[in-house]
Structures are given as structure tokens and as C-alpha cells.
Amino acid sequence: MDRNKVETFHHLSISPISGTKLREYTKGVENNLRQVELDSIQDYINESDNLVSLHDQIRDCDNILSQMETLLGGFQAEIGSISSDIKVLQEKSMDMGLKLKNRKVAESRLAKFVEDIIVPPRMIDIIVDGEVNDEFMRTLEIMSKKLKFVEVDPMVKTSVALKDVLPELERLRQKAVSKVFEFIVQKLYALRKPKTNIQILQQSVLLKYRYIISFLKEHGKEVYTEVHAAYVDTMNKVLSAHFRAYIQALEKLQLDIATSSDLLGVDTRSSGLFSRGREPLKNRSAVFALGERTNILKEIDEPALIPHIAEASSRKYPYELLFRSLHKLLMDTASSEYLFCDDFFGEESIFYEIFAGPFAVIDEHFNTILPNCFDAIGLMLMIRIIHLHQLIMSRRRIPCLDSYLDKVNISLWPRFKMVFDMHLSSLRNANVKALWEDDVHPHYVMRRYAEFTASLIHLNVEFGHGQIELNLERLRMAANDLLVKLAQMFPKPKLQTVFLINNYDMTIAVLKEAGPEGGKIQLHFEELLKNYTAIFVEELLLEHFSDLIKFVKTRASEDTTSSSERAITVSEVEPLVKDFGSRWKAAIELMHNDVITSFSNFLCGMDILRAALTQLLLYYTRLSDCIKRIVGGSSLNKDLVSISSIMYEIRKYSRTF
């Protein structure tokens with residue numbers, strides 16, 4: 001349909017109704033429609049060829065699409081078949097992957113099995129013909145793993161391969177065990193050679209082959225038992241001989257300090273203490289005085305004595321120094337051996353088997369020495385040494401000597417108690433007449449006691465043993481009782497007092513020299529010294545001013561103004577005043593000389609003189625006060641000595657100290 005007709009049709013359809021009548025309008029529309037229809041038919045007729053051509057094209061397309069549908073249907077069927085094939089292939093692939101994995105696992109296990117069970121020729125060559133060195137040790141470890149493998153895994157025991165390999169592996173084990181046994185025993189016998197440094201051989205040689213012991217434990221127990229026994233026997237004999245030789249060398253260096261007669265209360269003249277020729281006289285003081293012997297506690301961890309060097313210097317040593325050296329050597333040797341046994345054998349118990357011999361040697365020596373030891377100071381030093389050695393071993397964290405050191409300590413205490421009781425009995429049972437000397441200076445028995453007590457107090461400061469304190473109190477009582485008995489042998493009370501003061505003062509001085517730890521014992525003697533000093537002062541003043549003192553004590557406090565017959569008169573006191581005034585200086589000089597000659601300690605004597613002069617001043621002051629209260633007492637003022645004069649004289653003597 002051409003464009004003009006269409007537009008005309010369109011114009012008719014949408015034009016609004018004009019003022020014409022509806023019928024006419026309708027008729028016009030119908031005419032127009034008919035015209036349009038005719039025009040359209042004409043158009044179709046004109047386009048008929050094109051429509052035929054279009055129809056043919058559509059039919060051709062339909063044929064082509066029909067062919068394509070058939071082709072695609074075939075493709076769909078083929079794709080479905082391919083999908084099924086892919087699924088089958090996927091399942092086959094997964095199955096093959098699983099089989100591959102299983103085969104790899106099987107191959108790995110089989111390879112490990114073959115590796116673990118096979119005995120390479122190289123291993124055989126090294127075990128049979130090789131030297132025992134690092135490579136040999138590594139080969140032993142590999143063979144050990146193979147032996148464990150065939151013994152532990154139950155699957156291996158049923159395998160056919162084991163039947164072929166096991167005989168060869170067993171022969172190789174026997175060869176290895178035999179070879180390492182000969183090697184290790186040879187090394188052990190080297191320990192027996194004289195002058196061998198055992199510790200260097202253990203650390204530098206044997207420990208390098210410690211795996212041999214582990215191998216024998218696991219794969220050659222019967223041979224390990226022999227190696228164990230060989231080592232124990234070797235070290236037992238070597239160390240026993242070593243300690244026996246060392247003890248014999250030490251015995252030549254021993255200085256005998258005390259015998260059974262070297263006791264506190266024994267008379268030196270009857271016992272022959274100073275006439276014995278075994279040791280020089282200067283060593284006798286070491287029986288009771290600690291002196292420099294205490295230095296051993298400060299040198300507790302010093303190296304042990306080397307006997308041939310000490311012997312070359314011709315020196316002799318108290319037994320406690322030899323005791324420390326012996327136990328220092330024991331501690332160091334035991335510590336080294338204990339650690340080696342733990343590293344090499346992995347068994348601490350071997351140590352006690354080895355040291356049964358050395359312990360027996362030391363015990364034999366000690367059981368000989370101890371019953372003949374009468375040196376209480378030395379015994380207490382040994383007790384302290386053992387205590388310090390226990391602390392050293394504790395710091396090292398090595399317990400191998402715990403029971404031994406406890407045993408030694410337990411044996412020392414009863415011996416010390418026995419010797420101490422001998423000293424105590426010697427004081428209690430002392431022959432007073434034999435011990436007495438007509439001399440007010442400190443008695444040698446009391447000096448022994450003071451030095452002995454100071455020594456034990458000093459050694460017990462850090463130890464703090466209550467039994468020692470109790471025993472020292474018993475000893476103090478016995479010593480004081482003996483001292484009083486000796487004092488009573490003097491005919492004059494004054495000499496008795498001087499004797500006691502000198503001994504108490506000496507005892508206190510010795511206790512103070514030992515340190516500030518005198519405690520109750522020192523306080524007790526200080527109290528006794530104070531009491532007897534007061535007694536002596538009174539006796540000294542009575543010797544020179546008895547009338548004055550008697551008057552002051554009996555009459556000076558009475559009422560001087562009384563009219564009774566008891567009233568004090570000038571005539572009664574005048575002789576006292578004139579007598580004092582005429583000789584007081586001379587009397588003080590005599591008192592001074594008396595004190596100087598009576599007391600061995602100058603300072604103690606000067607303290608006593610000062611106390612006496614002070615007391616004299618008090619007596620004379622009371623006399624002066626009494627005269628002032630007497631009727632007519634002023635007539636005596638010209639004869640009275642001024643207090644200031646007496647004070648001046650006292651100060652003059654005070655300047656001497």
C-alpha cells in the first residue's frame with residue numbers, strides 16, 4: 001500500500017465529525033473503506049511475486065531448520081554418551097589414583113623394611129675389619145636399630161626375608177659384641193697402669209665410647225656384666241691402693257698433739273708432760289688452746305696436701321689437717337667417679353660397688369686413729385670439718401658421700417664426749433695437794449681450762465650444739481670447785497682472795513680473746529671477780545686502817561649529841577685522826593706496792609687499787625662528817641686531812657694507768 005493511500009485512510013479515520021449528517025458521513029466512510037480495500041487488494045496483487053518468493057524462502061528455511069534439528073538431536077545424543085564416558089573415566093582415574101597411593105605406601109614400607117632388614121656389605125666390613133672409631137660407633141648404632149627392628153616388629157618375625165638375614169645379623173652381632181668387649185676391657189686395664197691420670201683417661205678416652213656400653217646393655221648383656229665387673233674390680237683396686245698409699249704418706253706427717261695424760265687436771269710434774277721428747281715444747285699449748293688451728297675451717301676447700309712436698313719441708317701437721325686433706329681427696333675423687341659412672345654406665349649404683357674398697361681402707365685407718373685420739377680440740381675441729389664437707393657436697397648436688405659422712409660424724413661425737421669427760425673427771429678427781437703451788441699467780445690448770453673452754457666456745461659459735469654448752473657448764477663448775485680447793489691451801493685469807501682474783505681475771509681475759517661469745521660462762525666469772533674484788537678491797541683496807549674502818553662501821557652512824565655513856569667524844573676519835581694523818585700516804589704507797597706484786601694483770605691490779613682508794617675516801621669522809629657532829633670536834637680540824645688532798649693522791653696513782 002502506497003504512502004498517500006495510507007495517509008488518506010488515516011485522515012478519514014481521525015477527522016472529527018463536521019456539521020454533516022451522520023448518514024452521509026457513514027456512507028462516505030464506507031466508500032472510503034471500500035476504496036482502501038480495493039487499493040490494498042491491488043497492492044497485494046502487485047506484490048504477489050514477492051510473496052511467492054518470500055514463501056519459498058520460508059519453506060527453504062523450514063527445511064534447513066528441520067535438518068539442523070535433526071543434527072542437533074544427534075549432537076545431544078552424542079553429548080549424553082560422552083558425559084557417561086567421562087564419568088566412567090573419572091571413576092577409573094580415582095581408582096587408579098587410590099591404587100597408586102597404596103602402591104606408593106606399600107613401596108615406602110617395603111623400601112623401609114628392606115632398608116631396616118638388609119645388611120649392607122659396608123656394614124659388615126666395618127664391624128668385622130674396621131677399627132673402633134667414630135665411624136665404627138655410627139655403624140654400631142645402625143646395626144642396633146636393625147637388631148631392635150627384627151626383635152620388636154611382629155610382622156618382621158614372620159617374614160621370609162628374615163630367615164635369610166637373621167643368621168647373618170646374629171653373627172655380625174656376636175662379632176661386634178666380642179670386638180667392643182676386647183676394646184673396652186683393654187681401655188679399662190689401662191687404668192691400672194702406675195701414675196695414670198684416671199680422670200683424664202675417663203673424660204678424654206672412655207666417655208668417647210660411652211655408646212659401646214649402651215650397645216652391650218641392649219645386645220650383649222652377658223658381656224656387659226663382664227665389663228661392669230671388670231670396671232668395678234679395676235677401679236676398686238686402683239682407688240683402694242691410691243687411698244692406702246695416700247694415708248700411709250699422711251701418717252708420716254702426723255704431729256701428735258695429746259695423749260691420755262694430757263688432761264686439764266693432771267699434774268704436769270707427775271705426768272712428765274714437759275719431759276716427753278716426741279714433740280717440741282711449743283706444741284704442748286695446742287692441747288688446750290685453739291690458736292691458729294682454727295684457720296683450717298677457713299681453708300676448708302683448699303687443695304689436699306701433697307705428701308712428698310710436705311715431707312720434703314720436714315713439717316708435721318695436727319691430725320685434723322691430715323683429716324681434712326684425706327676427705328678433700330675423697331670428695332673430689334668420689335664426685336668425679338660418681339659423675340663418670342652416671343655418664344658412662346648410666347647407673348649410680350656402680351659407684352657404691354667401686355668405693356666399697358676405698359671406704360674400707362679409710363675406715364680401717366680411722367678406726368686405728370680414733371681410739372688413740374685424746375685431742376678434744378682436734379676432734380671438735382674434725383666434727384666441724386665433716387659438717388662443712390657435707391655442705392660442700394650438698395652445693396655440688398652429689399649425694400654419693402651422704403651416708404659415709406654421716407657415719408664419720410656419728411663416730412666422732414662419742415669419741416669427743418669420752419675425751420671431754422676425761423677432762424671433766426681430771427678436774428673432779430684432781431690431787432689438790434699435788435697441784436698446789438705456793439704462788440698466787442694464775443694456776444696452769446685454770447689457764448688450761450680457760451683456753452680449752454674458749455676454744456670450744458669459739459668452735460661452737462656457728463655450730464650451736466646445745467650438748468656442748470651443757471658440757472661446758474659442767475666443766476665450769478668442776479674447774480671452779482677445784483680452784484676454790486686450791487685457794488684454801490693458802491694459809492692467809494688475803495692470799496686466797498688474791499689467788500682467786502688472779503685466776504678469774506685470767507679466765508675472763510682468755511675468754512674475751514676468743515671473741516665476744518663467752519656468754520653465760522664469762523658472765524659467771526665476771527660476777528665472781530666482782531665479789532672477790534670487793535672482799536680483797538675490804539681486806540686490804542683493814543690491813544692498814546682497821547681501827548678507822550671499825551669505828552666508821554660501828555660508831556660513826558650513832559647520835560653524837562647524846563648525853564648517854566655511848567656518846568662519841570673527841571678523845572675517842574682524836575687517835576684515829578692523828579694516826580691517819582701521820583701515815584695515810586705511806587699506807588697508800590704500801591697498798592700500791594702490795595697490789596703491784598699481788599696481781600699478775602697490771603690493769604686488774606690498778607682497778608682494784610682504785611676501788612680500794614675510793615672506798616678509803618668514803619670511810620674517811622664518813623669519819624670527817626662524824627667529827628663535825630661531835631661537841632668540840634672543831635678542835636681536830638687542824639689534824640684532819642682534807643678530802644681534796646686525798647683526791648689528789650688518788651689521781652696521782654690513777655695516772656699510772
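**Close-up views of a predicted model**

**View 1. Arg 415 and Phe 374.** The charged end of Arg 415 sits over the ring of Phe 374, 4.9 Å from its centre (a charge sits over a ring if NZ of Lys or CZ of Arg is within 6 Å of the ring centre and within 35 degrees of the ring normal). This is a predicted model, in which local features need pLDDT of at least 70 and side-chain atom pairs count only at pLDDT 80 or more, while totals for chains, interfaces and linings use all residues. Residues are numbered from 1 along each chain as its sequence is written, and side-chain values use heavy atoms, with hydrogens and water left out.

View 2. His 423 belongs to helix α18 (residues 402–428), helices being DSSP runs of H or I with at least four residues, numbered from the N terminus. With a relative accessible area of 1%, His 423 is buried (under 20% relative accessible area, 1.4 Å probe, protein chains only). A polar atom of its side chain lies 3.2 Å from the backbone nitrogen of Leu 264.

**View 3. Two ring pairs.** Tyr 319 and Phe 323 form a tilted aromatic pair, 6.2 Å centre to centre with 50° between the planes. The rings of Phe 580 and Trp 584 are stacked, with centres 6.1 Å apart and planes at 10°. Rings of Phe, Tyr and Trp (its six-membered ring) pair if their centres lie within 6.5 Å; planes under 30 degrees apart count as stacked, over 60 as edge-to-face and the rest as tilted. Phe 580 and Trp 584 both lie in helix α24 (residues 570–598), four residues apart.

Key: Helices (H or I, at least four residues) and strands (E, at least two) are DSSP runs, numbered from the N terminus. Buried means under 20% relative accessible area, exposed over 50%, partly exposed in between (1.4 Å probe, protein chains only). A polar contact is a pair of N or O atoms within 3.5 Å; within protein, one must be able to donate a hydrogen and the other to accept it, and residues adjacent in sequence count only if both atoms are side-chain atoms.
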